[in-house]
Amino acid sequence: TWTYATNLEQGDLMFDALGVETIIDQEHVIMILSLVQTLDGKKMEKPIQREWFRKNAAGDVICPKRVIGTQAVAGDPPQAHVKGGLAPGLTWSWAGRLEHGAAQTVYTVEAEETVRVPAGEFKALRLKVSSTAESGKAAVTRWLAPGVGMVKEEAEIDLGPKGVVKTVAELKSYRIGPPLHE
């Protein structure tokens, strides 16, 4: 379970591994993303997204299925969100189709650096992600720490006429182990 402090009015974000599910004869870890709000002293979790991940033979982390709210969003072909053997200078790209049409994403590992977030100080790789799709474009920077995962993310999402959304998420706490949700 990873909890992130954010600049969102809706509250913090929480990722949790729900378990394992088989899709097309391959096992995938199901992750759930929830908004976490505290109202009247009570913690409330509202699931907003589910993602299915697996590692391929090269060590790439592939996401073939994602459900945002009630809408399924699948990349065709599935996207490699993290490549095996991450190191500064590594670049890879994806081009394909999402539910709303053609899209492409370029990933670049820019550097290794130390990042301080509420959960502590981590040696992390800075990953730049640039995406374009018919519905808009996004520029995202993520810091990935070995053995922990994403410790920080800064995103700027241009939704065209709907405006630009800027978000920051910093790791507040994490727990590696069995899922909290069953």
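Of the 182 residues in the chain, 36% count as buried, where buried means under 20% relative accessible area, exposed means over 50%, and partly exposed lies in between (1.4 Å probe, protein chains only). Please keep in mind that this is a predicted model: local features need pLDDT of at least 70, side-chain atom pairs count only at pLDDT 80 or more, and totals for chains, interfaces and linings use all residues. Residues are numbered from 1 along each chain as its sequence is written, and side-chain values use heavy atoms, with hydrogens and water left out.

First, the context. The chain has zero helices and 13 strands; helices (H or I, at least four residues) and strands (E, at least two) are DSSP runs, numbered from the N terminus. Among contacts (heavy atoms within 4.5 Å) between residues at least 6 apart in sequence, 31% join residues at least 24 apart.

Now to strand 12, which covers residues 149-158. Let us begin with E153, which belongs to this strand. The side chain of E153 makes a polar contact with the side chain of R142, at 2.6 Å. A polar contact is a pair of N or O atoms within 3.5 Å; within protein, one must be able to donate a hydrogen and the other to accept it, and residues adjacent in sequence count only if both atoms are side-chain atoms. Leaving out residues up to four places away in sequence, E153 touches V140, T141, R142, W143, T167, V168 and A169.

Further along, E156 also lies in strand 12. With 39% relative accessibility, E156 counts as partly exposed. E156 and K166 are 10 residues apart in sequence, yet their C-alpha atoms are 4.5 Å apart in space. Beyond residues up to four places away in sequence, E156 touches K137, A138, A139, V164, V165 and K166.

Next comes I157, in strand 12 as well, and partly exposed at 30% relative accessibility. Together with L159 and V165, I157 forms a nonpolar surface patch of about 180 Å² accessible area. Accessible areas come from the Shrake-Rupley method with a 1.4 Å probe; for residues, only the protein chains shown count as cover. Patches are made of residues with over 30% relative accessible area and no salt bridge, joining like charges within 9 Å and nonpolar side chains (Val, Leu, Ile, Met, Phe, Trp, Tyr) within 5 Å. A salt bridge is a side-chain nitrogen of Lys or Arg within 4 Å of a carboxyl oxygen of Asp or Glu.

In soluble globular proteins, nonpolar side chains tend to be buried together.
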